[in-house]
Amino acid sequence: MRFKLTDHHVHDFNLQGFTVFRGLLPPALVRDLRREADKARILARKVNGPQAQRLQPLSAYDIDLRPFQDYRDLPELREALAVLFNGLDWSVPALEDRKFNLGILVEPGEQPWCTPWHRDWRDHVPASVRGFVEQNLFDRRLFLQVNCALYADESLWVVPGSHLRLDLPSEIAAFPTQPPQKPELDGLGNEEREAACLAYCKRMPGGVPLHLQAGDYAIYRDVLWHLGNYVPYRRRATLHDLLETPEYAAFRDKVEDLRQATHRPEAAVAS
Ligand SMILES: O=C(O)CCC(=O)C(=O)O
Ligand SMILES: [Fe+2]
């Protein structure tokens with residue numbers, strides 16, 4: 001059945017920071033996308049090694065972009081986003097636009113691993129830029145990220161509702177450093193690594209895995225607490241996309257300016 005947005009999606013997105021359009025992709029499109037994703041997995045490992053997490057942007061590689069354009073053009077997706085982001089100046093960036101654009105997330109080839117718990121941007125910028133990110137954390141025109149699963153995928157863990165607030169005392173107690181430290185995996189066998197990652201995921205108060213089935217489309221505010229938890233035996237090919245707004249583009253430019261300013265030698269002398 002064709003996907004249709006309901007009030008629950010809007011409610012969930014605003015209050016939890018994510019919502020899932022279940023079964024958005026028609027099976028024939030899943031098939032076409034999986035075919036290209038198989039190529040992307042090989043390329044990702046060639047470029048970034050056997051533990052590669054992603055290939056991005058797809059447009060930089062020898063991948064047939066047509067099925068990806070079909071995904072972005074799905075009328076039921078466009079209609080749903082128009083309602084979800086009613087009043088917001090959003091757009092889907094062109095596939096050829098190479099910056100921050102469509103990628104595919106894949107499972108590791110050899111060993112389990114997970115990312116640290118993090119809020120995108122806040123925990124990925126130098127300390128000198130963090131204040132600027134925090135000032136903008138609650139702007140609903142920013143941080144609109146997508147995971148669209150071609151196979152069942154439970155890699156992404158989230159803390160629902162954490163996009164509406166700064167860190168809670170219990171979260172800081174569980175992860176005292178900023179950004180949080182990753183789990184210690186060195187020297188462990190695969191089963192021990194998997195168990196250590198799972199324990200690390202569960203250490204975050206309120207953290208839950210987001211269960212996606214093939215064809216499900218999750219949209220989330222990526223400044224909510226989240227992480228990716230990966231095992232080599234669970235095949236993964238999940239489209240990783242974003243929605244663009246003029247404000248998000250301006251935000252990224254400003255972050256880049258601030259980063260550059262931090263790295264200029266005279267800035268180092270002045271500080
Ligand atoms: O694998 C995922 O779904 C999330 C990855 C992630 O959060 C990141 O790389 O920042
Ligand atoms: Fe992230």
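User: Which residues of S1 point one way from the strand, and which point the other way?

Analyst: Phe18 and Val20 point one way from S1, while Thr19 and Phe21 point the other way, and all of them are buried. The model is predicted, so local features need pLDDT of at least 70 and side-chain atom pairs count only at 80 or more, whereas totals for chains, interfaces and linings use all residues. Residues are numbered from 1 along each chain as its sequence is written, chains are lettered from A, and ligands are numbered from 1 in the order written.

User: Why is serine 155 called buried?

Analyst: A residue is buried with 20 or more other C-beta atoms within 10 Å of its own, exposed with 12 or fewer, and partly exposed in between, with C-beta atoms placed from the backbone. Serine 155 has 22 C-beta neighbours inside 10 Å, so serine 155 counts as buried.

User: Where is serine 155 found, and what is it in contact with?

Analyst: Serine 155 is in the loop between strand S5 (144-149) and strand S6 (156-158). Strands (E, at least two residues) and helices (H or I, at least four) are DSSP runs numbered from the N terminus. Apart from neighbours within four places in sequence, serine 155 is in contact (C-beta atoms within 7 Å) with Gly228, Asn229, Tyr230 and Arg236. Aspartate 123 is 32 residues away from serine 155 in sequence and 19 Å away in space, C-alpha to C-alpha.

User: What makes S1 an edge strand?

Analyst: The open sheet has six strands in the order S1-S8-S5-S10-S3-S2, with antiparallel pairing. The edges are strand S1 (18-21) and strand S2 (54-55), each of which pairs on one side only.

User: How do you know that the buried residues of H3 are on the same side of the helix?

Analyst: In helix H3 (residues 66-73), the buried residues are Pro67, Phe68 and Tyr71. They cover an arc of only 105° around the axis, which puts them on the same side of H3; the arc is that of the directions from the helix axis to the C-beta atoms. Arg66 and Asp73, on the other side of H3, are exposed. The cover over the buried residues of H3 includes helix H2 (27-48) and strand S10 (237-242).

User: What arc do the buried residues of H4 cover, and what covers them?

Analyst: Leu77, Ala80 and Leu81 are buried in helix H4 (residues 75-84). Their arc around the axis is only 95°, so they are on the same side of H4. On the other side of H4, Pro75, Arg78 and Ala82 are exposed. S1 and S8 are among what covers the buried residues of H4.

User: Which residues does valine 158 touch?

Analyst: Not counting residues up to four places away in sequence, valine 158 touches Phe18, Val208, Leu210, Tyr220, Leu224, Trp225 and His226.

Conventions. Two residues are in contact if their C-beta atoms, placed from the backbone, lie within 7 Å. Two strands pair if DSSP finds at least two bridges between them.
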